[in-house]
Amino acid sequence: MSAMIEVSNAEKTFTMHLQGGVQLPVVRGVSFKVDAGECVVLAGPSGAGKSSILKMMFGNYRCDSGRIGIRHQGVQIDLAKAEPRQILSVRRSTIGYVSQFLRAVPRVAAIDVVAEPLIASGVARTRAREQAGSLLRCLNIPERLWALPPSTFSGGEQQRVNIARGFISDLPILLLDEPTASLDAANRAVVVNMIDEKKRAGVAMVAIVHDDEIRHLIADRVVDVTSFAAAA
Amino acid sequence: MVERESEDRDQPLLTAEGLGKSYGRLTACRDIAFALYPGEVLAIVGESGSGKSTLLQMLSAQLAPSAGRVSYRMRDGVMRDLAALGEAERRFLFRTDWGYVHQDPALGLRMAVSAGANVGERLMAVGWNHYGRIRDTATSWLERVEIDTDRIDDAPRTYSGGMRQRLQIARNLVTQPRLVFMDEPTGGLDVSVQARLLDLMRNLVGELDLAAIVVTHDLAVARLLSHRLMVMKGGRVIEAGLTDQVLDDPREPYTQLLVSSILPV
Amino acid sequence: MNAPAYNFAYLDEQTKRMIRRAILKAIAIPGYQVPFASREMPMPYGWGTGGVQVTAAILGPADVLKVIDQGSDDTTNAISIRKFFAKTAGVATTTSTADATVIQTRHRIPEAPLHSGQVLVYQVPIPEPLRFLEPRETETRRMHALGEYGLMHVKLYEDIARFGHIATSYAYPVKVNARYVMDPSPTPKFDNPKMDHCPALQLFGAGREKRIYAIPPHTSVVSLDFEDHPFTRYRFDAPCALCGAGDSYLDEIVTDDKGSRMFVCSDTDYCETRQKRGHLGSESAAPHKEKLHG
């Protein structure tokens, strides 16, 4: 059975034209696989390129070379070479991304922020909002906050809204960037549970976690990205 | 959600091939090529003089290209070269399957005629002949764009800028177009008014499954509304991709300049 | 006797030929406004020069001419124009609708039904029905060419929104031969039904705007409306005070400075003909209110 994710020799370098064209290599030779139901954790020091790898897998950062193999609707595609349309389709039905900081459209109520991915995939608004509500409840966001835009929330609350949004639909691949940072112990446990559930449901996950304990709890495999660090 | 034929979605709605416009030795636009699919929002970003407005005019068949062509898939599924459409067909298209939102709402509205008549005009133009139904439809559209329905009989001359713009949107959407062109839709509005308008547009585009081409110089508008982005400079497209790609990972020097020029708030 | 300086009916033959060509074209395209080279006439614009040029182009020595203004043969303008043609064409003139072969009119259609062989010539100030909503001539020409008449309905919609009913009471737009929308000139909407399938030829002349249009005999002329606000004629509450007619368009005449008024037929010939036949009304009727029905 082929892997859900198969990254091979991906490379990325930033060229800062405004700073005289200085080149900032990010990663080089990135290769690893992830199967369904597996959680792979990317480990390494700050600045090693972990977030960048995640973003390349989501199509947010473009690859300079190499391959980002994704199993999308039963077919292996290379996200690095995919048409923008296809990437949109992949994001809609295959890959979910929980970023490190919540980046939500301003002025939209938290419950609608969480419900949006479901609505986009065709679920009726009322049902989507119900599901969003139960997820928020799981994550201990009180109901009185649901109608408010998350920009007024604390960091931890925003992160939990972010997680709810990422976890609400049935996407077969999830990318998680520091899902438990800024959460207290109780909520960390909730998130670990949610990750476990997803694993059992066969979701392939790639996560970045600094906390050793969490890493221990969720990682099936750890990939050390220092080996991918590009020469300075 | 508006239901559209599923086969539709794999066929492009609008394509531009080798599109260009010159005035003598002055080239306003050149080598523009892209395909727009149903439900996609494409933002064309660039500074003054980049050629983006000229491009929008060509894409909406208001200006004949000097080179290349624009094709549109009509409701019957046939891909047609816009230059080959007869005038009657083009005008009909403009009034039914397309919308065009001007930067200055006065250009897209009849200022001396009531709001209800403004929204109802397109319906009457396609043969609606029942006053009650026209008025009810106009009323529900005013609600949808958050205009107080008590103002249905007032002329837009009496409206604020933001209301006029929302009325212009209602007027364009009443015939359920599949493609909407927008030229700096929030230009000239107060920031808070802009925000409300953008939220409205974002929701409507999603609910109605609209494809849209939005010309703007404001990257925040592009980020909020569009899936894809084209950056224009000197009449050419210098970078294109998904909106978040271009804004988070800009590659071209000019794009990096644009992105870094946004003042953080 | 006629001053020998005038050509028959004042206009030179070449001009008449040009106008006749325009008329033929207009008849071939019912309701379509045909541009023509309007000439300088011995009366200013706004005094019926369009109608006069059309009449001048079609008059023949055997014709019998009637001229009415607001239904009356004896207003200053009607008399003026009638004398003009009597002098320059030497044709017989009449006040009787039934006896006339050419009837030039300002703002009314005669009550007596017209018959085939007659020509009704209307004086038109603004020929373009869309003008008040769309000031650009380039646009209105396109709208007519493409049959885009949504804007006309906008005007009717506005009326209903503002007044609760279609308030246009004269110059009420009509669709001719199911194709062109036309302004019937400032005749009261009361007269619109008379235009439909009329056995006479109807010609319209606008001198200042330089347009001629026509409705051939037996052509459909339908007043624009909405399904739920259909076109209605209105009827007056009381009959004519002089002849008792219950179906004609009435003028209001103030009879003293104490508020008394009476309503009499606007069409003087119709009224007088009825009176001669013995129909009489109560001479001074109490004030009546107009009401829409029928």
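Biologist: Which residue in the turn of the hairpin formed by S4(A) and S5(A) has a positive phi?
Modeller: This is a predicted model, in which local features need pLDDT of at least 70 and side-chain atom pairs count only at pLDDT 80 or more, while totals for chains, interfaces and linings use all residues. Residues are numbered from 1 along each chain as its sequence is written, and chains are lettered from A and ligands numbered from 1 in the order in which they are written. Strands (E, at least two residues) and helices (H or I, at least four residues) are DSSP runs numbered from the N terminus. Two residues lie between S4(A) and S5(A) in this hairpin, and the turn residue with a positive phi, of about 50°, is Gln73(A).

Biologist: How many bridges join S4(A) to S5(A)?
Modeller: Two strands count as paired if DSSP finds at least two bridges between them. Gly69(A) has Asp78(A) as its bridge partner, and Ile70(A) stands opposite Ile77(A). S4(A), residues 65-72, and S5(A) run antiparallel, and the number of bridges joining them is four.

Biologist: Which strands stand at the edges of the sheet in chain A?
Modeller: Four strands make up this open sheet, with antiparallel pairing, in the order S2-S1-S4-S5. Two of them have a single partner strand each, so one side of each is left without a neighbour in the sheet, and these are S2(A), residues 22-34, and S5(A), residues 75-78.

Biologist: What angle does the direction of H1(A) make with that of S1(A)?
Modeller: Axes are lines fitted to C-alpha atoms, for helices over the stretch in contact, and angles run from 0 to 180 degrees between N-to-C directions. With direction ignored, neighbouring strands of the sheet are turned by 25° against each other on average. H1(A), residues 50-58, packs on the sheet and touches S1(A), S2(A) and S4(A), contact meaning C-beta atoms, placed from the backbone, within 7 Å. The angle between H1(A) and S1(A) is about 110°.

Biologist: Which element gives the largest share of the side of chain C that touches chain B?
Modeller: Two pairs of chains are in contact, and chains B and C share the most contacts, whereas chains A and C do not touch, their nearest C-alpha atoms being 36 Å apart. The contact between B and C takes 16 residues from chain B and 15 from chain C. Nine residues on the chain C side come from the helix spanning residues 150-163, H5(C).

Biologist: Is S2(C) largely enclosed or left open by the rest of the structure?
Modeller: A residue is buried if 20 or more other C-beta atoms lie within 10 Å of its own, exposed if 12 or fewer, and partly exposed in between. S2(C) runs parallel to S3(C), joined by two bridges, and parallel to S4(C), joined by five. Because five of its six residues are buried, S2(C), residues 64-69, is largely enclosed.
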